Amino acid sequence: MELDGIEHGVGVTALMVAAARAIEHHRPDALAHDGFAEHFVRAAEVSRTWPVRPQDVPDGDAHPVWGRLARYFGLRTRVLDDFTEASADAGAHQVVLLGAGLDSRAYRLRWPAGSTVFEVDRAAVLEFKQGVLREMRATPEPVRTPVAADLRLDWARALLDAGFDPARPTTWLAEGLLLYLPAAAEEALIARVDRLSAPGSRCAYEIKSVREVREFTESPVYRLAKEEIGVDLLALFDDDARPDSAAALAARGWTTTTRTPFHYTALHGRGPLPQPCDALATNLWVFAVKDV
């Protein structure tokens, strides 16, 4: 199954994350389970030969991409799975996945009655994903609505037209998205999330300091991702100085918490540990609750 857009740029990173989730799914000490991920990887020509099980990975967890980085994606999946379920349990039953990619949370998480999930991404990615799910005859637990939109532009109108209700508390998830956006697009996205959020809404997203990333151009993660699977991660990161989106939310009445991935490695007892010249050390995860 081949569709323009999934085989290039950020579409390939969605496949890379899916491969990492598949590997995590098959680990004996898995942090997260995603039985759909392997099917996405095998459906695209560019990723058809990528590993999807731990035994397929050369050097195991020592491999910079399919070992350590994949374990990072597995940890991130678990943390955001827990956040999503806790937010829905707290009453934010309306969920928006910004840059949904090949996310299968609508199919595999535990959902309270009345939950709705909106998946916002480029049309090509959503069509590819839907084709795979259709072949699997998969059925989502909540009401699931794909929303085709460019997140660098004004995507709010498409979301509202799809039935999103700004009067309901919402769980917002932006997993692996903001680091690819220009600074102005990130600022606009944060402002739109605030404008569309009723009190009690919750938000989680990942950020990265691009200026620090440039210090790690020789990192094995970036080098091998480019050499072995053709994903030039550094070229995808936007060069703009990054805005302080957590401070922007706090100024709008949100309570924010920022954590490193290594905080959750310690919490769960597995996941990536800090290393010298560590590209993952530039990653931060932000969690926010709208109080007013």
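Me: Why is S87 called buried?
Reply: S87 has 0% relative accessibility, so S87 counts as buried. The cut-off is under 20% relative accessible area, with exposed meaning over 50% and partly exposed in between (1.4 Å probe, protein chains only). This is a predicted model, where local features need pLDDT of at least 70 and side-chain atom pairs count only at pLDDT 80 or more, while totals for chains, interfaces and linings use all residues. Residues are numbered from 1 along each chain as its sequence is written, and side-chain values use heavy atoms, with hydrogens and water left out.

Me: Where does S87 lie, and what does S87 touch?
Reply: S87 is in helix 3, residues 64-89. Helices are DSSP runs of H or I with at least four residues, strands are runs of E with at least two, and both are numbered from the N terminus. Leaving aside residues up to four places away in sequence, S87 touches A92, T171 and R202; contact here means heavy atoms within 4.5 Å.

Me: What makes R21 and E175 a salt bridge?
Reply: Their closest N and O atoms are 2.7 Å apart. R21 lies in helix 1 (residues 10-25) and E175 in the loop between strand 4 (170-174) and helix 7 (183-195), so the pair ties together parts 154 residues apart in sequence. The rule asks for a side-chain nitrogen of Lys or Arg within 4 Å of a carboxyl oxygen of Asp or Glu, so 2.7 Å passes. Both R21 and E175 are buried, too.

Me: How do you know that D29 and R71 pair up?
Reply: They form a salt bridge, with the closest N and O atoms 3.3 Å apart. D29 sits in the loop between helix 1 and helix 2 (37-43) and R71 in helix 3, so parts 42 residues apart in sequence get tied together.

Me: What about R105 and D81?
Reply: Their side chains meet in a salt bridge at 2.6 Å, N to O. R105 lies in helix 4 (residues 105-108) and D81 in helix 3, so the pair ties together parts 24 residues apart in sequence. Both R105 and D81 are buried.

Me: Which residues make up the network joined by shared partners?
Reply: Salt bridges that share partners join R21, D34, R76, D81, D103, R105, R108, E175 and E206 into one network.
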